Amino acid sequence: MSAQFFLQQCLIGLTNGALIALVALGYTMVYGIIGLINFAHGDLIMLGACLALSIVGALGLAAVDPAVTWVAIAGLVLVCGLACGSLNVAVDRIVYKPLRNAPKLAPLVSAIGVSFIFMNIGLFWLGSADRSFPELLPSDNVLPDDWGLQFTQKDRLVVLIVVPLMVALSILVRWTKLGKAMRAVSQDPTAAALVGVDVDRVIAATFFIGGFLGGAASVVYSLYINTIGFQMGFQNGLYAFTAAVLGGIGSIPGAVLGGVVIGLVRALASAYVGERWTGAIVFAILIVILVFRPEGLLGRRVREKV
Amino acid sequence: MLEVRDLEAGYGPIRALDGVSIEIGEGETVAIIGANGAGKTTLLMAISGVVPTRRGSVTFRGQPLTGLPTHAIAKLGVGHAPEGRRIFPRLSVRENLQLGGFTQTNRAAVARDIDEACAIFPVLGERMSQMGGTLSGGEQQMLALARALVGRPKLLLLDEPSLGLAPLIVQKIFEVIGSLSKRGIAVVLVEQNARAALKLADRGYVLETGRITLSGSGKELSGDRRVREAYLGEG
Ligand SMILES: Nc1ncnc2c1ncn2[C@@H]1O[C@H](COP(=O)(O)OP(=O)(O)OP(=O)(O)O)[C@@H](O)[C@H]1O
Ligand SMILES: [Mg+2]
């Protein structure tokens with residue numbers, strides 16, 4: 001097998017990995033701030049895909065002039081992002097916030113409950129069969145022919161949406177007042193409140209941002225894979241959650257790295273070993289890494305003395 | 001400026017404060033001394049709204065604080081350097097100080113206040129980009145105090161600022177605390193180091209198992225036989 005084939009698989013892996021990373025961010029941010037593994041995150045994205053499908057259908061976006069396709073896609077990302085972000089905030093308010101001081105298992109079990117509720121809403125919305133999502137973008141190659149590599153308009157879409165969102169997120173977390181407050185709350189919520197940070201608002205903002213990224217991911221996923229179904233949240237959520245743990249849960253760069261690693265491993269495993277082995281290989285590698293680095297690739301090794 | 005009336009607070013079945021009343025005037029420094037577990041930390045945490053109160057009231061400059069969330073109390077001008085320092089270990093020293101000014105809307109003013117804090121504690125100025133968690137214990141305590149000062153409090157609650165520190169650093173910290181009243185900041189100082197605290201304070205209270213048992217000027221208390229025996233290691 002040629003180097004070109006290998007490069008091609010890497011390209012596929014990177015693109016898929018970027019999408020996984022976008023979802024993984026939602027897990028890692030919520031975990032970082034309140035220590036909750038938000039099991040409903042994958043299903044939130046499924047609902048985002050439902051909404052995207054309904055909007056595309058209602059507005060007839062599948063038939064728009066190619067010149068405005070990008071405007072339509074940007075609009076979809078924005079609307080689904082806002083919707084998923086708001087829904088995430090609402091769930092936090094109604095379900096997780098009353099359990100803030102309860103033992104950790106209580107919100108965890110509630111999150112599983114929310115996941116089932118979302119899935120039922122999705123089942124009601126889409127029906128039980130998978131639905132095809134209209135092709136808004138053609139699959140023609142955007143790279144020069146003599147490179148011998150495929151990178152389609154859809155692949156490019158993933159990069160064009162995911163990378164700016166990640167850059168924006170890093171800037172927000174690193175430099176803004178909200179970002180500093182988010183990091184402070186994740187380290188010591190009481191101390192943050194004592195300097196005047198409204199902890200509940202910061203947590204709500206974190207749920208909103210994680211949900212927004214999930215909503216954006218739902219649109220990218222729908223346009224990239226072109227098939228959605230009420231159970232899509234489970235498998236996608238599982239891989240993204242795995243990426244977050246692999247990178248070091250709570251770490252934002254970790255979630256991105258974890259997503260890219262899992263994307264690459266999946267692509268290479270399915271090309272060189274076989275599609276049906278990918279799940280086993282991904283999780284075998286996860287286990288090996290966690291044995292040697294239980295805190296994940298970029299996670300913290302120990303708690304500092306405080 | 002602060003009036004605590006008949007305050008009761010606790011944790012589940014534990015009643016940590018049982019009818020505590022104290023008063024702090026404008027710019028006054030008041031020491032609270034008491035044995036381990038007497039309820040000193042609980043009192044400060046109840047004033048800041050971290051520990052909910054069950055009975056009684058806290059009034060700050062005429063405004064009731066009881067029931068307000070912690071961040072709102074901070075915003076009114078109640079600073080709090082909590083027990084155990086609790087700086088943000090994975091934020092830089094600069095970011096820790098910036099968070100101290102979180103309730104301030106004027107960025108330039110916060111930057112000036114940070115410069116001023118670094119003039120008081122030069123070692124912080126040298127460590128601006130270092131993570132808070134990598135500072136030594138003494139440096140962390142200075143950071144905790146500086147962080148609280150950047151918030152421009154009118155009242156500052158200090159919970160054992162000298163705990164576990166070398167004598168030279170203790171002296172430095174007490175010097176800074178002593179200078180606060182000149183800047184018009186009222187201070188509630190909780191201390192194990194009763195001798196130093198009473199020397200510094202205008203007045204003091206003795207807290208024993210959730211009740212105030214003695215109060216008076218710093219001099220009176222350091223002269224009191226019971227205080228000397230129980231808290232100053234004499235007699
Ligand atoms: N989070 C908590 N849960 C249950 N009980 C608590 C908690 N915090 C304090 N207590 C109890 O409340 C009482 C008062 O504790 P507090 O921390 O206010 O004492 P303190 O005077 O600050 O003591 P120290 O000098 O050791 O810091 C103690 O009996 C303590 O065991
Ligand atoms: Mg204490």
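**A hairpin, a ligand site and a capped helix**

In chain B, strand S1 (residues 2–11) and strand S2 (residues 14–24) pair in the antiparallel sense over 8 bridges. Strands here are DSSP runs of E with at least two residues, helices are runs of H or I with at least four, and both are numbered from the N terminus; two strands pair if DSSP finds at least two bridges between them. The model is predicted, so that local features need pLDDT of at least 70 and side-chain atom pairs count only at pLDDT 80 or more, while totals for chains, interfaces and linings use all residues. Residues are numbered from 1 along each chain as its sequence is written, chains are lettered from A and ligands numbered from 1 in the order in which they are written, and side-chain values use heavy atoms, with hydrogens and water left out.

The hairpin has 2 residues between its strands, and Gly12(B) takes a positive phi near 55°. S1(B) and S2(B) also belong to an open, antiparallel sheet of 4 strands in chain B, in the order S2-S1-S4-S5. Its edge strands are S2 and strand S5 (63–64), each of which pairs on one side only.

S2 and helix H1 (40–47) of chain B each supply at least two residues of the shell around ligand 1, and H1(B) gives the most, with 3 residues. The ligand is surrounded by 14 residues, the closest being Gly37(B), Lys40(B), Thr41(B), Thr42(B) and Glu83(B); a residue counts as near if one of its heavy atoms lies within 4 Å. The shell divides into 5 nonpolar, 6 polar and 3 charged residues, where Ala, Val, Leu, Ile, Met, Phe, Trp, Tyr, Cys and Pro count as nonpolar, Asp, Glu, Lys and Arg as charged, and the others, Gly among them, as polar.

Polar contacts are pairs of N or O atoms within 3.5 Å; within protein, one atom must be able to donate a hydrogen and the other to accept it, and residues adjacent in sequence count only if both atoms are side-chain atoms. An N or O atom in the side chain of Thr42(B) is 2.5 Å from an oxygen atom of ligand 1. For a polar side-chain atom of Lys40(B), the distance to a ligand oxygen atom is 2.7 Å, and for Glu160(B) the side-chain distance is 3.3 Å. The protein covers 63% of the 630 Å² of accessible area that ligand 1 has on its own, by the Shrake-Rupley method with a 1.4 Å probe.

In chain A, helix H3 (residues 66–96) has 31 residues and should span 45 Å, in agreement with the 43 Å between its end C-alpha atoms; the expected span is 1.5 Å times one less than the number of residues. Asp65(A) caps the N-terminal end of H3(A), with a side-chain oxygen 2.8 Å from the backbone nitrogen of Ala67(A).
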